[in-house]
Amino acid sequence: MLNDIQIGPITIHMYGLMIGIGFAAAYFICCLRAKKKGLSEDIIWGILLCALAGAIIGTRLLFYLVSIPQILETPSILWNFKNGYVVYGGIIFGVLFGYMYCKRKKVSFLQYFDLVMPSVSVAQGFGRIGCFFAGCCYGQQTDSWFHIIYTHSNFAPNNIPLIPTQLISSAGNFIIAGILFWYDSKAKKDGTVGALYMILYSIGRFIIEIFRNDFRGEWGGWSTSQLISVFVLLLGILFMYLLQKGKLAISTKKL
């Protein structure tokens, strides 16, 4: 699988293209759903820009955290921005920055949280397709017929049959998005769609980590993402319970 596709004088970087498609799809879907809910498209654009900034910062910071031993050995990792990004950091900081934006604008964070998170799952689905093309986030070696063999990857081991964890993750994210869209039509409490995203994504991420074979940091036999998944799952369940019981209110007072 090739990440860079040459069409005449033009080089298409598939990873970047998929990230761009994912972001555009997320924004388009958010705007369509916002009209039905009477929410502001301007606020959505502001949230997505803030979330994008938070995601860029968060993915890098979490990578630094899980790579401390490697950084101490090779400090140049700190300024090598060609790779080294952890998705969970992007999600956490993206939500945090989005919350700060909503608070500054004095709008309901929970309403926009519910609006945005299904689209985030769609964006992640496209992003994992980008990972598939690039060869990052690759799976373990396998004898199964369901595999991918890279020949020109700068990340995955080449000429070895690997579990296509990126495609499995992509499909899982699209399925989660579908579930969230359906649940949103049934939900009666603000914030519960976002809470369900936390529950479903953390479960799926914990499972897929079992089959991955790229470096992701390790804590007591678990990858960093598995450890975070347990925390996010418990937090999502707690949020869901408190929201359903009407015991959680998030202020929109201006910072």
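Colleague: Which backbone nitrogen does the side chain of D114 reach?
Modeller: That of G194, at 2.9 Å. Bear in mind that this is a predicted model, where local features need pLDDT of at least 70, side-chain atom pairs count only at pLDDT 80 or more, and totals for chains, interfaces and linings use all residues. Residues are numbered from 1 along each chain as its sequence is written, and side-chain values use heavy atoms, with hydrogens and water left out.

Colleague: Where is D114 placed?
Modeller: In helix α5, residues 109-134. Helices are DSSP runs of H or I with at least four residues, strands are runs of E with at least two, and both are numbered from the N terminus.

Colleague: And which side chain of opposite charge is nearest to D114?
Modeller: K37, 6.9 Å away. D114 has no salt bridge, although it is buried. A salt bridge needs a side-chain nitrogen of Lys or Arg within 4 Å of a carboxyl oxygen of Asp or Glu. Buried means under 20% relative accessible area, exposed over 50%, and partly exposed in between, with a 1.4 Å probe and protein chains only.

Colleague: What else does D114 touch?
Modeller: Not counting residues up to four places away in sequence, its contacts include R33, K189, D190 and T192. Contact means heavy atoms within 4.5 Å.

Colleague: Changing topic: which residues touch the most other members in the largest nonpolar core?
Modeller: I44, I47, Y88, Y112 and Y197, out of 37 residues. Helices α1, α2, α4, α5, α6, α7 and α8 each supply at least two residues of this core. Such a core is a set of buried Ala, Val, Leu, Ile, Met, Phe, Trp, Tyr and Cys residues joined through side-chain atoms within 4.5 Å. Another core, of 6 residues, lies apart from it, with F132 and L162 among them.

Colleague: Why does I228 count as buried?
Modeller: Because its relative accessibility is 16%. I228 is in helix α8 and, leaving aside neighbours within four places in sequence, is in contact with L62, Y88 and I92.

Colleague: Is α7 mostly covered or mostly open?
Modeller: Mostly covered, with 13 of its 18 residues buried. Its end C-alpha atoms are 26 Å apart, which agrees with the 26 Å that 18 residues should span at 1.5 Å a residue. The expected span is 1.5 Å times one less than the number of residues.

Colleague: How many helices and strands are in the protein chain?
Modeller: There are 8 helices and 6 strands. Of the 255 residues, 43% are buried.

Methods
Lys, Arg positive; Asp, Glu negative; His and termini not counted. Polar contact = N/O pair within 3.5 Å; in protein donor to acceptor, adjacent residues only side chain to side chain.
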